[in-house]
Amino acid sequence: LDEHGFVFAEHKNDQLVRDEIFYGGIIHTNPIGTWFLPSYFGDVMRAVMAVEDIGMDVASIEILNEYEYRMRFKNDTLLLMRFDTDPLAVAENLKVALSSDALRDRAESIEYIDLRFGGRVYYKK
């Protein structure tokens, strides 16, 4: 993928520019020459950069369905989100959640953080 989500070549492990690997969301047998997440690719990448700016290392991004996706961090914690959520709000909500009494200094033991429900944050340790 280029920086805009245009699929221009088949993936080769030794050709990765960034560490993020996308899973799901491609419905074409041969996606070369198509756009990946045409309506949301820019916002997903902005969310990745914003989350990395607060110190989380993104390992992969999985498209769950037409409304939702999740990031897997290198510590295996999952972050579940909706495409229509502001990417900067994703990072800010994650930062607030991780600084809460319930999650502070426990990032390694969190299975997932779910930000799909407006102003609510759900998590599982």
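**Notebook: aromatic rings and paired strands**

I looked up Y122 and found it partly exposed, at 39% relative accessibility. (Buried means under 20% relative accessible area, exposed over 50%, partly exposed in between, with a 1.4 Å probe and protein chains only.) I noted that this is a predicted model, where local features need pLDDT of at least 70, side-chain atom pairs count only at pLDDT 80 or more, and totals for chains, interfaces and linings use all residues. Residues are numbered from 1 along each chain as its sequence is written, and side-chain values use heavy atoms, with hydrogens and water left out.

Next I checked F117, which is partly exposed at 44%. The ring centres of F117 and Y122 lie 5.6 Å apart with planes at 90°, so I logged the pair as edge-to-face. (Rings of Phe, Tyr and Trp, the last by its six-membered ring, pair if their centres lie within 6.5 Å; planes under 30 degrees apart are stacked, over 60 edge-to-face, the rest tilted.)

I counted three aromatic pairs in the structure. Y40 and F83 are stacked, at 4.8 Å centre to centre and 20° between the planes. I found Y40 partly exposed at 29%, but F83 buried at 3%. Y40, Y69 and F83 form one aromatic cluster.

Then I turned to the strands. (Strands are DSSP runs of E, at least two residues, numbered from the N terminus; two strands pair if DSSP finds at least two bridges between them.) Strands β2 (residues 58-63) and β3 (residues 68-73) run antiparallel, joined by five bridges. Which residue in β3 is the bridge partner of E62? I found R70. R70 in turn has L80 in β4 as bridge partner.

Definitions and conventions. Helix = DSSP H or I, 4+ residues; strand = E, 2+ residues; numbered from the N terminus.
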